[in-house]
Amino acid sequence: MIGGGNPVVVQSMVKTDPQDLQQTLGQLRDLKRVGCEVAAVALAHEDICRSIPFLKKEVEMPIVGDVLFNHAIALKAMELGIDGVLINPGVIGNARKVKEVATAARESRIPVCIAIDIGSLEKRIQKKYQTPNAAAVVESALYHARLLEDAGHAAIGISLKASGTLETVEAYRRISDASDYPLCLHLPEGGPLFSGVIRSSAGLAILLNEGVGDTIRVSLTGNPVQEVAAAFHLLRGLGLRKRGVNIVSCPTCCKCRVDLRGIVAEFEKETSHIDTYLNVAIMGCEANGPGEAREADIGIAFGAQRATLFGKGSVRKTGIRLELAKGVLLEEIANLSR
Ligand code: SF4
């Protein structure tokens with residue numbers, strides 16, 4: 001369920017060619033494993049739609065067809081069982097075609113997400129605004145939502161792209177004030193892992209903290225699994241979702257005598273599939289580490305030779321040999337997440 005006070009849904013997108021069924025299936029399964037709740041596939045032409053029945057049969061996760069510019073592909077995708085379509089009405093080009101998509105979606109009982117891009121606004125709006133801005137993007141989105149509603153289709157989501165992050169934030173604020181449509185937040189200016197996560201989070205956090213947004217996608221140049229991980233970190237940080245293992249670790253200093261960076265990276269990888277919400281602290285020394293480790297659901301503080309395990313405020317185990325520490329912590333996490 002999207003919108004209407006339901007938890008913010010995490011979306012991502014497979015980056016493979018859907019005609020390569022095994023690769024696409026592998027990526028969809030990876031996304032599902034890390035908690036992705038809706039996955040988009042790019043449907044660049046009608047032939048690609050033939051992969052939909054196979055993917056739907058193999059993966060239990062809603063799959064949305066990103067068709068953007070071609071209404072015929074949207075119709076084909078719906079005929080073959082897609083769970084939702086993402087269209088850019090400005091590029092599809094005329095009201096009749098948009099209505100055809102709406103009618104087919106209503107009959108298939110699936111949602112349509114309208115993606116409005118400041119670069120492809122209809123001529124009427126371009127003329128009215130001269131220099132397109134957030135208000136122009138919102139006017140276009142509301143116009144197209146009305147077209148879908150006139151065709152009797154009410155399951156509508158809206159995604160906006162204005163010029164840069166801050167103007168897009170402004171557009172989402174405006175449309176949130178003006179309507180109740182579920183908003184699918186996907187900010188422009190994605191990028192490689194480090195800068196992409198920061199840029200996306202900066203804009204998404206503003207909106208989410210104001211209660212704006214019903215789905216999010218963090219857009220990264222890289223493995224989509226990282227998009228999902230980043231989205232959940234953001235939602236957990238804002239207190240909007242409680243899912244998965246939340247690792248808190250110290251920045252390390254000269255008191256740390258273990259390879260904490262390597263240890264944390266391994267833990268993150270080995271716990272990425274766990275749904276249960278758990279705070280896990282991994283600290284680099286036994287001098288200052290125990291304080292934070294005690295506050296977590298489960299925590300560990302590493303000394304030079306041995307480690308100490310904490311659980312909900314008290315010491316659970318002392319003198320753990322370093323080579324056994326990872327196994328001990330993973331076992332505790334597994335017990336708590338059963
Ligand atoms: Fe340094 Fe210990 Fe603090 Fe980590 S917990 S930053 S190792 S003092």
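Student: Which strands form the open sheet with mixed pairing, and in what order?

Tutor: In this predicted model, five strands form that open sheet, in the order E9-E10-E11-E12-E13. Strands here are DSSP runs of E with at least two residues, helices are runs of H or I with at least four residues, and both are numbered from the N terminus. Two strands count as paired if DSSP finds at least two bridges between them.

Student: Before we go on, how are residues numbered, and what pLDDT do local features need?

Tutor: Residues are numbered from 1 along each chain as its sequence is written, and side-chain values use heavy atoms, with hydrogens and water left out. As this is a predicted model, local features need pLDDT of at least 70 and side-chain atom pairs count only at pLDDT 80 or more, whereas totals for chains, interfaces and linings use all residues.

Student: OK, back to that sheet: which strands stand at its edges?

Tutor: Strand E9 (245-249) and strand E13 (314-321) do, and each has a single partner strand, so one side of each is left without a neighbour in the sheet. Neighbouring strands are turned by 20° against each other on average, direction ignored; axes are lines fitted to C-alpha atoms, for helices over the stretch in contact, and angles run from 0 to 180 degrees between N-to-C directions.

Student: How do E10 and E11 run, and how many bridges join them?

Tutor: Strand E10 (residues 278-283) and strand E11 (residues 298-302) run parallel and are joined by four bridges, with Ala281 standing opposite Gly299 in E11. E11 and E12, by contrast, run antiparallel with five bridges, and there Ile300 stands opposite Leu309 in E12.

Student: And how many residues does the hairpin from E11 to E12 go through?

Tutor: That hairpin goes through three residues. The hairpin of E12 and E13 has two residues between the strands, and in it Lys312 takes a positive phi near 45°. E12 and E13 are themselves antiparallel, with five bridges, and Gly311 stands opposite Ser314 in E13.

Student: Is E12 mostly covered or uncovered?

Tutor: It is mostly covered, since five of the six residues of E12 are buried, where buried means under 20% relative accessible area, exposed over 50%, and partly exposed in between (1.4 Å probe, protein chains only). Helix H13 (residues 322-336) lies across E9, E10, E11, strand E12 (306-311) and E13, and it runs at about 145° to E13; contact, here and below, means heavy atoms within 4.5 Å.

Student: New topic: what order do the strands of the eight-strand sheet take?

Tutor: The order is E6-E5-E4-E3-E2-E1-E8-E7, in an open sheet with parallel pairing. Strand E6 (156-161) and strand E7 (184-186) are its edge strands, each pairing on one side only, and the twist averages 25° from one strand to the next.

Student: Why is E3 largely enclosed?

Tutor: Five of the six residues of strand E3 (residues 63-68) are buried, so E3 is largely enclosed by the rest of the structure. Strand E2 (residues 38-42) pairs with E3 in the parallel sense over four bridges, and Val41 stands opposite Gly65 in E3. Strand E1 (residues 9-13) pairs with E2, also in the parallel sense, over three bridges.

Student: Which residues have the most contacts inside the largest nonpolar core?

Tutor: They are Leu43, Met78, Ile158, Leu160 and Ile216, in a core of 75 residues; such a core is a set of buried Ala, Val, Leu, Ile, Met, Phe, Trp, Tyr and Cys residues joined through side-chain atoms within 4.5 Å. Helix H7 (residues 134-150) gives the most to this core, with nine residues. Apart from it lies another core, of 22 residues, including Leu278, Ile320, Leu329 and Ile333.

Student: What is Ile158 in contact with?

Tutor: Leaving aside neighbours within four places in sequence, the contacts of Ile158 include Cys113, Ile114, Ala141, Tyr172 and Leu183.

Student: Last one: which residues are around the ligand?

Tutor: They are Cys250, Thr252, Cys253, Lys255, Cys256, Gly284, Cys285, Asn288 and Gly289, each with a heavy atom within 4 Å of the ligand. By class, this shell has four nonpolar, four polar and one charged residues, where Ala, Val, Leu, Ile, Met, Phe, Trp, Tyr, Cys and Pro count as nonpolar, Asp, Glu, Lys and Arg as charged, and the others, Gly among them, as polar.
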